[in-house]
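Dear colleague,

I am handing over the structure we spoke of, and below it you will find what came out of going through it. Please read the notes with the model open beside them.

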Amino acid sequence: MSELARPLPLGATGARTRDASGTLSLRLRLTWEAAAYGVLIMCAFGFRLWDLGSRAMHHDESLHAYNAYQILQGRGYDYAPVLHGPFQFFGMALTFFLTGGASDTSARILPALFGGVLALLPLAFRGRLGRLGALLASALIAFSPALLYYSRFAREDIYAAVFSLGIIICIWRYIDEKKPHYLYISAVLLALSFATKETTFVFAAIMLIFLNLWVAFEFADQSRGRGGIARGAVFLGYAPFAWLIAALWPFIGGIRRRLGLDERHPAVDVLVIMGTLAGPQFAAAVKVPLEAAGLGINPGADERMLAVPVVIALVGASAIVGLVWDQRAWLTVALCFWAPYTLLFTAFLTDINGFGGGIWQSLDYWIGQHAVQRGDQPEFYYLMFWPAYEYLALVFAGPALLHYCLRGGPGSWLLTIITVCALLFAFGAESFTGGTAIVIAECLALVVAAFTLFLAVRGEVFERFLVFWTAASLVAYSLVGEKMPWLTVHTTVPFVILAAYSGGRFFSRLVATRRTDGVARQRRFTLGRTTASAVAAPIALLALLSMRTTILATYDHGDVPREFLFYNQTSPDAPDVVERVDRIAEASGRGNGLRVQVDRTDPWPWGWYFRDYNVTFDEMGADFRPEADSVLLVASPNETYSSAYIDAYQPAQPYTLRWAFPEDYRGIGEKKDLAEGIGDFASSLGNSDTWDHWWGFWFHRDILPQGGVEGRLFVPLEFEAVDPGPSSSTPVGRGEASTRPAGDIEGRYIIGRLGAQPGQMDLPLGLALDAAGDVYVVDSGNSRIQKFDPRGGPLAAVGTAGTAPGQFNQPSDVAVDAAGNVYVADTWNHRIQKFAPDLTPILAWGQPTRDLINPAPDRFWAPRGIVVDHQGNILVADTGTNRIRRYTPDGVHIGDFGRRGKETGEFQDPTGIAVGPDGSIYVAEAGNARIQKFDASGRFLAAWPIEDWSERSLRNKPRIEALPDGRLIGTDAPHARLLLISGGGHVTARLEKVVDVPLFSPEGVAFDAKQGFVYVTDGLAGHIRRFPFTDFALR
């Protein structure tokens, strides 16, 4: 073994005897090791602390920071399990105090510091990891995309990761050195971990299971009849009861002697300590079998009658076991655990009820949440993070898992196969019917997997532990109901430690020096060194790519959901809104007295951002009326009701509050039956689209945010002098009819106004004309389709919010065929609806797909564009699956063209579609910022980049209309203008206003070839503008 891999000698205090060359070599290596750690320390803390306030505060971050701010303000703290443990709140409040105030930056300082500490902890683990392994562990932690991202995130996970790794280090240091102070430190860390997050229950369970199996293995070694199958049978006999033997060790001396159990292994001490401290925390788990047996336990008095005796019994039993084990040591350990635990949960003795909340409600609440399935993610969710983000660690840890599980020969192979089969059964149990019996079988399968995995790994117990910790963490978090991206921290840490240990040993053995008569002799050229050099080159390349991934995820995409490192994220629009309100408060002299009213529909992160203002959270429905001079933040669904007070406000500033990563991966193996799902996934690997799609994400992060929570900022006209906002005039059409410009002699006029009444509109999007010149418009905010005559008189309407025929969920576009039938892209119902000319429902087809790569013919994902071709067939721009789908008027699928990508004939978020006079098909892409032209059959003809569409924004959903001469008109809502595009794909004109009246948010466009008029929906204004095409020449 090389010097770098060799465990440090325990208790060595003197210098080793070496010749001058060896001494010089040792000092040189230590110097380089120290230098490497110095660089890692600076990078770890620097990367975590740099520019902490640049990212918008996530919903959860704002909740945590707000509650910590209340502590700083002297308003106290009450434990609530939904917000996890008290440690982060008191820690963050202390940070606010020490840094001089609360801000986005100061809210993230503590997790950033803990993230740096996490990268330092392997230094204390060198005795087990080896010096090269510890250095590699620090490097992998310092630059891990997931660990770096969540070290800059005001959540509890990075704290819990530090505490968990610290506990493991203390356990192994105690095993090696048998010094009790490691037990005391681990007790403090365990208390802090329970007071931080409920993931500690998962960690503690994994540790207790492994310790129990380890102790059983040691007992089997000591017992008579060792060797071969007999030893394995003895182990299986001890495994269910090893914990009980450890707990009763002082009481059963006679029994132990008969069994040959004379030596108390240090693992027994650790099991006793972990069990007596963690055991009472699992008190609420007693409800699970009781409720499974049909005993209903009502919250309140009934639950207290159960909780109090159970907790007292567990604490009492733990105390008896601990005191008999070692009175002095256990009292110290108990004090180290219960003192910080009690102080934190009782808010430093100001809320005594908090102690009961911690020891019962914390687990009880999250057991209940298991059935809620927050996140609704597939069971392979956490497995995706390793190749997507931790691929550098995967290079080492992947082969290490296979090596350690299989190196023991045929016996290990068989045990590994049993482990895999047991886990497949556990994950596929939902494929079977059988109720309670299947649940029991699933639990037994997990028990079998734990036993066989432990036995499959031969060799050092530490290697067995690393494999067990890594695999058990992945399995546990994949099985729990709540699956959120921040929980990947808890699967990444063991994975990285395993990778570092195996990588350190691998390289150390390759470059090991040859020893002759105890003297090290350097060898310049050896097979090992050559292999190490050959392997190091691609690993160095992967390290550079990993650094690129880390920087992109942390800094470039920190609040832009092109990463699945977060579930959803507050968009950069939110800080812009806050900055504008701050500017108004300062310029107007109102200061913190500025009145701010926030729609209760979406209170966070506004509660944090406006914590110092005179803010209230109100229901902003039909009966809402704002207070005088109040700044309003209105959720998009309630903008409809703003017509009652809109005239007192400047033009609304639209914003995206939250947006989400498009979860394309949900289509992988989407089958109820596990075997069918695996087969479906395997078959998809033969499809080039699958690999192209994965490569596009892995290397380019080639993806756009999908969905979003929208809102509007309304600023009173009173503040127009100090803050003119996006425009100094109210959008035309929002005022009363008497104030609206009348139609002029050239045919310019306005159809509709903002509102929910017949003839009024809220966020109108696509529109189309029939042969008679009647206008059909998607009134998206009101979940309906409206029909107007050529002069703007309302004729018919259909729709409300819902999923039934004739109901809509954020429809986007509309088309009319030669017979007058109307087709609607019902976007978030993922379907197409067909109506008669009078808007009577006729037909609907389509369902949401989970397979965005190869959707079934009747499956869509967020279709946003629709048009009728010259043969009367329906062309649908299915945005989520990135293809154009063709159907007969009766909804029969004819064919598709296109797939996800950047090449010609491929699409990235197609949102608009039009058919030219010669039957050519034009497709507008938001993601690739271009228009592609195809012939009538779907064969690619040309592609034209449109720079105006290059802004990545949820508002960037361009739509197009083909003109009789082959030119196109395109919308550009983010820049509030229309584009005139030549037949060769060049933007020849931009129209931002009609005469002197600006467009505010052009969303959809249609052209009346008979009269020469352009119709455009102005989404923010809530109306349709009509003007002659010649206005493009008057721009």
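How much accessible surface does the protein chain have, and what part of it belongs to carbon and sulfur atoms? The accessible surface comes to about 41100 Å², and 61% of it belongs to carbon and sulfur atoms; such areas are computed by the Shrake-Rupley method with a 1.4 Å probe, and for residues only the protein chains shown count as cover.

Please keep in mind that this is a predicted model, in which local features need pLDDT of at least 70 and side-chain atom pairs count only at pLDDT 80 or more, while totals for chains, interfaces and linings use all residues. Residues are numbered from 1 along each chain as its sequence is written, and side-chain values use heavy atoms, with hydrogens and water left out.

The chain as a whole

The protein chain has 28 helices and 36 strands, where helices (H or I, at least four residues) and strands (E, at least two) are DSSP runs numbered from the N terminus. Of its 1035 residues, 56% count as buried, a word that stands for under 20% relative accessible area, with exposed meaning over 50% and partly exposed in between (1.4 Å probe, protein chains only). Among contacts (heavy atoms within 4.5 Å) with a separation of 6 or more, 64% are between residues 24 or more positions apart.

By the rule used here, rings of Phe, Tyr and Trp (its six-membered ring) pair if their centres lie within 6.5 Å, with planes under 30 degrees apart counted as stacked, over 60 as edge-to-face and the rest as tilted, and the count comes to 74 aromatic pairs. One of them joins phenylalanine 465 and tryptophan 469, which are stacked at 5.6 Å centre to centre with 20° between the planes. Because these two residues are four apart in helix 22 (residues 461-479), about one helical turn separates phenylalanine 465 from tryptophan 469. Both phenylalanine 465 and tryptophan 469 are buried.

Strands

Strands count as paired if DSSP finds at least two bridges between them. An open sheet of four strands has the order 24-25-26-27 with antiparallel pairing, and its edge strands, strand 24 (910-915) and strand 27 (940-945), each pair on one side only. Strand 24 is joined to strand 25 (residues 921-925) over five bridges, with alanine 914 opposite tyrosine 922.

Elsewhere, strand 10 (residues 764-769) has six of its six residues buried and runs antiparallel to strand 11 (residues 775-779), to which four bridges join it. Strand 10 and strand 11 form a hairpin with five residues between them, and glycine 773 in the turn has a positive phi of about 90°.

Backbone points to check

Most residues other than glycine have a negative phi, and most peptide bonds are trans. A cis peptide bond, with omega about 15°, joins tryptophan 604 and proline 605. Leucine 349 has a positive phi of about 70° and sits in the loop between helix 16 (301-345) and helix 17 (353-370), where leucine 349 counts as exposed because its relative accessibility is 52%.

With kind regards
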